[in-house]
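Trainee: I have a new model open. Please show me how to read it, step by step.

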Amino acid sequence: MQTPVCELCAATNYLCSGCQAKLADGRITELDVQVAHLLSKYKEKFALQKVQFDRALDLGRMAIILTSSDVSHLVGRGGKTAQALSKELGKRVRVVHSTTDSRALLEQILLPVKPTGVNTVFTQKGKQLKVRISRNDVVHLPTDLDSINRVLHSLLGDNAVLVFE
Ligand SMILES: [Zn+2]
């Protein structure tokens with residue numbers, strides 16, 4: 001199993017100086033550490049030995065877990081692993097395959113809502129990336145707008161905006 005923290009830190013509630021430094025400078029987050037602990041705890045029970053957990057994104061009432069191994073390994077049979085994580089974290093859990101394509105990742109996060117378009121526009125303030133969503137879909141967004149905006153900015157930059165129309 002691979003997680004953003006080392007194997008020893010995943011298995012204990014203690015962070016070594018290396019993992020502590022990663023946490024301090026923001027290369028990993030508290031949620032990454034929390035998920036690594038849970039996966040380590042469930043390693044035998046849910047056969048997670050081959051799982052590669054890359055990072056977790058905190059979206060308020062939802063957590064996105066990014067993996068570069070098979071998504072089904074982390075979802076578990078009948079969704080059991082994801083359900084256990086969800087219960088422990090107190091958040092809905094969505095397992096998504098890691099990608100360097102930020103737009104593709106954003107689309108996974110927004111599901112079941114599909115943006116009607118993503119366009120670059122030029123404004124007086126400079127270049128802006130507009131992610132267009134139908135007004136009717138607002139109620140179907142998987143989590144709150146503040147959390148979505150936060151993740152939007154971290155994935156696509158500060159100039160990205162959600163537009164409802
Ligand atoms: Zn460590």
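**Starting at a turn**

Mentor: This is a predicted model. Begin with the hairpin of β1 and β2, where two residues sit between the strands. There G60 takes a positive phi near 70°.

Trainee: In which sense do strand β1 and strand β2 pair, and over how many bridges?

Mentor: The sense is antiparallel. Strand β1 covers residues 53–59, strand β2 covers residues 62–67, and six bridges link them.

Trainee: How does β2 run against β3, parallel or antiparallel?

Mentor: Those two run parallel, joined by six bridges. Here L66 stands opposite V96 in β3.

Trainee: What order do the strands take in the sheet?

Mentor: The order is β1-β2-β3, in an open sheet of three strands with mixed pairing. β1 and β3 (92–97) stand at the edges, and each has a single partner strand, so one side of each is left without a neighbour in the sheet. On average, neighbouring strands of this sheet are turned by 20° against each other, direction ignored.

Trainee: Where do side chains point in a strand?

Mentor: In a regular strand they alternate between the two faces of the sheet.

Trainee: Now the core. Which residues of the largest nonpolar core touch the most other members?

Mentor: They are V35, L39, A63, I64 and I65, in a core of 37 residues. Domain 1 (7–97) and domain 2 (110–164) both contribute residues to this core, so it lies between them.

Trainee: Step back to the whole chain. How many helices and strands does the chain have?

Mentor: Count seven helices and six strands. From the N terminus on, they run α-α-α-β-β-α-α-β-α-β-β-α-β. The radius of gyration is 17 Å, close to the 15 Å that the globule rule gives for 165 residues, so the chain is as compact as a globular protein of that length.

Trainee: What does the C-alpha trace span along its principal axes?

Mentor: About 50 × 35 × 25 Å.

Trainee: What share of the residues counts as buried?

Mentor: Of the 165 residues, 28%.

Notes:
Residues are numbered from 1 along each chain as its sequence is written. This is a predicted model: local features need pLDDT of at least 70, side-chain atom pairs count only at pLDDT 80 or more; totals for chains, interfaces and linings use all residues. Helices (H or I, at least four residues) and strands (E, at least two) are DSSP runs, numbered from the N terminus. The radius of gyration is taken over C-alpha atoms; the globule rule is 2.2 Å times the number of residues to the power 0.38. A residue is buried if 20 or more other C-beta atoms lie within 10 Å of its own, exposed if 12 or fewer, and partly exposed in between; C-beta atoms are placed from the backbone. A nonpolar core is a set of buried Ala, Val, Leu, Ile, Met, Phe, Trp, Tyr and Cys residues joined through C-beta atoms within 7 Å. Domain bounds come from an automatic or database domain assignment. Two strands pair if DSSP finds at least two bridges between them. Axes are lines fitted to C-alpha atoms, for helices over the stretch in contact, and angles run from 0 to 180 degrees between N-to-C directions.
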